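Okay, thanks for having me, everyone. Let me put the picture up, and then I'll walk you through it.

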Amino acid sequence: MAKHHIVQAKYLAQWQSSDIKNQLNIYFIPENKFIERGTGWRGFWRKDFNVFDGEKDKFYLPENVTALIDSKGIESIRKIDYSNQKQLSGEERSCVAFYVALQYIRTPRYRDETNKFMEATIKYFMRQDISSLDKIKISKDEVLKHNPTNKREKEALEKISAMSDEEIKKQTFEFLHGDDYKIYLTNAGHSKGIFKIDRLAKGLFEVQWLFLIAPSGTTFATSDNPCFTLSSTKIRNGLLSPNVIVFFPLRPDLCIAIKPKIKSKTEHFLKLDRKKVKEINQLILANSYECFVAKDKKQLENLTKNFDYKNYRKSRDVAVSQFGNYVMFNVE
């Protein structure tokens with residue numbers, strides 16, 4: 001078993017409570033309860049999350065890549081000094097850009113939404129192609145040529161052997177047009193996304209950054225999905241969309257807000273009041289996956305008061321819209 005971190009332990013360590021050694025104050029959304037755990041708690045990693053090959057030959061290079069970006073990124077984040085509003089060096093800015101891009105795509109929420117998008121797209125066009133029974137080109141003889149690799153396949157073939165070609169076509173059609181199956185990327189498929197973050201990082205590097213500063217007496221919270229986008233529209237909500245603002249609490253005292261629309265390699269600094277910090281913390285909670293973390297337990301309790309955990313969605317759904325011959329798939 002290999003651990004694949006969805007949030008870096010050294011990043012989370014910045015939120016450890018000062019009065020509880022090596023513990024984080026966590027609101028665990030699925031169970032609507034407060035817990036105290038260390039940065040190595042399994043809620044912040046997944047077993048074999050990024051693997052290229054099968055069971056016999058596992059290849060963990062994606063995790064090695066994330067470890068390198070994590071190491072360089074957290075070093076640069078710690079160097080951000082808003083007291084004199086000093087601009088980052090080109091290398092430091094590059095490391096932070098890679099860190100933000102990686103954190104955006106490595107979480108279970110991003111994986112869920114990628115799977116939903118893929119499933120909606122494939123099912124839509126597959127059902128368009130197979131719109132009637134006569135478009136199913138399959139026969140019992142062809143199916144029975146398959147050599148079963150497990151008990152489930154063997155049982156299915158035994159059941160098919162007693163059916164007619166018409167029954168097979170009918171059940172196949174009903175299955176393809178039903179909702180009793182899922183389509184998703186394998187671990188290897190998701191892992192390949194990690195090697196595309198250079199394009200995302202370059203896009204982030206080129207645009208305007210705003211460092212939001214929390215005043216004394218309050219802090220930014222974080223979560224197991226700490227990097228997210230916020231848009232005024234339902235469409236084009238990706239990391240580099242001109243419609244969005246990217247939010248990512250880098251430290252308890254510092255949150256980055258990136259505007260892809262403004263093409264300037266500059267960093268600006270803005271000190272917020274307590275009310276604005278709370279508003280951003282509510283956004284962080286609303287975009288969490290399962291875990292919401294605050295530096296102080298009282299702050300955690302205050303932020304999650306009256307939170308509607310029963311109707312909470314861990315990830316967004318895919319909406320399919322058709323305009324004439326044009327079909328749009330959008331996560332919203």
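Predicted model: local features only at pLDDT ≥ 70, side-chain atom pairs only at ≥ 80, totals over all residues.

The protein chain has 11 helices and 13 strands. Its C-alpha atoms fill a box of roughly 75 × 45 × 40 Å along the principal axes. There are 332 residues in the protein chain, and 46% of them count as buried.

Let's begin with a couple of loops. Asparagine 32 sits in the loop between β2 (24–28) and β3 (33–37). Its phi is near 50°, which is a positive value in a residue other than glycine. Why mention that? Well, most residues other than glycine have a negative phi. Asparagine 32 is partly exposed, with a relative accessible area of 35%.

Glutamine 85 also has a positive phi, near 55°. You'll find glutamine 85 in the loop between α2 (61–79) and α3. With a relative accessible area of 46%, glutamine 85 is partly exposed.

How many of the six residues of β5 are buried? Six of the six, so the strand is largely enclosed by the rest of the structure. Remember that in a regular strand the side chains alternate between the two faces of the sheet. In β5 both faces are covered: Gln208, Leu210 and Leu212 are buried on one side, and Trp209, Phe211 and Ile213 are buried on the other.

Which strands does β5 pair with? One is β9, residues 254–259, which pairs with β5 in the antiparallel sense over six bridges. There, glutamine 208 stands opposite lysine 259 of β9. Another is β10, residues 267–271, and here the pairing is parallel, over five bridges. Phenylalanine 211 has phenylalanine 269 in β10 as its bridge partner.

Next, lysine 265 and glutamate 206 form a salt bridge, with the closest N and O atoms 3.6 Å apart. That one links distant parts of the chain: lysine 265 is in the loop between β9 and β10, and glutamate 206 is in the loop between α9 and β5, 59 residues apart. Lysine 265 is partly exposed at 48% relative accessible area, and glutamate 206 is partly exposed at 28%.

Then there's lysine 314 with glutamate 290, where the closest N and O atoms are 3.1 Å apart. Lysine 314 comes from the loop between α11 (297–304) and β12 (318–323), and glutamate 290 from the loop between α10 (274–286) and β11 (291–294); the two are distant parts of the chain, 24 residues apart. Lysine 314 is partly exposed, at 32%. Glutamate 290, at 17% relative accessibility, counts as buried, because the cut-off for buried is under 20%. There's also a network: Arg109, Glu113 and Arg316 are joined by salt bridges that share partners.

Last stop, the surface. Asp141, Glu142, Asp165, Glu166 and Glu167 gather there in a patch of negative charge. The elements giving two or more residues to this patch are α5 (140–144) and α7 (165–176). Which of the elements gives the most? α7, with three residues. Aspartate 141 belongs to helix α5, and it is exposed, with a relative accessible area of 58%.

Phenylalanine 195 is in the loop between α8 (187–191) and α9 (197–205), and at 38% relative accessibility it counts as partly exposed.

How values were computed:
Residues numbered from 1 in each chain as written. Heavy atoms only, no water. Patch = residues over 30% accessible without salt bridge, like charges linked within 9 Å, V, L, I, M, F, W, Y side chains within 5 Å. Areas by Shrake-Rupley, 256 points an atom, 1.4 Å probe, with all protein chains shown as cover. Salt bridge = Lys/Arg side-chain N within 4 Å of Asp/Glu carboxyl O. Lys, Arg positive; Asp, Glu negative; His and termini not counted. Charge placed at Lys NZ, Arg CZ, Asp CG, Glu CD. Helix = DSSP H or I, 4+ residues; strand = E, 2+ residues; numbered from the N terminus. Buried < 20%, exposed > 50% of the residue type's maximum accessible area, 1.4 Å probe, protein only. Pairing = 2+ DSSP bridges.
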